[in-house]
Amino acid sequence: CVLTLIGALAMMIYYSWEMTLIAMISIPLSIFVSSQLGKFMRKYFVRQQKYLGELNGQVEEMVTSYKTVVAYGKEDEAVENFGTVSDKLRKNSISAKVWGSIMGPIMNFLGNLQYVLIAAIGGVLMLFGTKGITIGSIQAMLQYSKKFTRPINMIANQYSSILTALAGAERIFEIMDS
């Protein structure tokens, strides 16, 4: 990915530094959008890990102490508690998945916006006779800009998986600290 980024950037600068600047506008925008959305999504992934831990703890407790639960007639209460925690986990997991799956389409939109801007600005530069700007160089810039943004989009699309892993790691570290 790093070699692709460096190679695509070098070729973009070679063809047109003006259009390269336009392509670079999308990078800070992508970083800003993904960081803001990440802050918002993070709370769902942390809660998801918390509820999953509660649910697993409850199941483990009920299975290992099944005879005690039956002896005191607490089966219905155990099922009700399981259902409550399970519902919390389900609702939170749905929210986490929805918000996590929004990242990909937003990054694709920003990539397509970059594509349109390069094509439009390239066309304007060609019409005004800017040196070295041809239909071929605009087409090359469009291809290299896609190659340039592809690794960034791949990372953004994996962001929800990264957040899930980080939330799980936080829970592990909390347990280790205690």
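Biologist: On a 1 Å grid over the protein atoms alone, a cavity is a set of points where a 1.4 Å probe fits but cannot get out. How many cavities of 30 Å³ or more does the count give?

Modeller: This is a predicted model, in which local features need pLDDT of at least 70 and side-chain atom pairs count only at pLDDT 80 or more, while totals for chains, interfaces and linings use all residues. Residues are numbered from 1 along each chain as its sequence is written, and side-chain values use heavy atoms, without hydrogens and water. With grid points joined across faces, edges and corners, and volume taken as the space filled by probe spheres set on the points, the count of cavities of 30 Å³ or more is one.

Biologist: Which elements give two or more residues to the lining of the largest cavity?

Modeller: The lining (residues with an atom within 4 Å of a point) comprises Ser26, Ile27, Ser30, Met107, Leu110, Gly111, Thr149, Ile152 and Asn153. The elements giving two or more residues, with helices taken as DSSP runs (H or I, at least four residues) numbered from the N terminus, are helix 2, helix 4 (75-127) and helix 5 (135-157).

Biologist: Why is the pair of Tyr14 and Tyr15 classed as it is?

Modeller: Rings of Phe, Tyr and Trp (its six-membered ring) pair if their centres lie within 6.5 Å, and planes over 60 degrees apart count as edge-to-face. The Tyr14 and Tyr15 centres are 5.3 Å apart and the planes stand at 75 degrees, so the pair is edge-to-face.

Biologist: Is Tyr44 buried or exposed?

Modeller: Tyr44 pairs with Phe40, four residues away in helix 2 (residues 17-64). Buried means under 20% relative accessible area and exposed over 50%. At 15%, Tyr44 is buried.

Notes:
Rings of Phe, Tyr and Trp (its six-membered ring) pair if their centres lie within 6.5 Å; planes under 30 degrees apart count as stacked, over 60 as edge-to-face and the rest as tilted. Buried means under 20% relative accessible area, exposed over 50%, partly exposed in between (1.4 Å probe, protein chains only). On a 1 Å grid over the protein atoms alone, a cavity is a set of points where a 1.4 Å probe fits but cannot get out, and a pocket is an open set with protein on both sides within 12 Å along at least five of seven lines; lining residues have an atom within 4 Å of a point.
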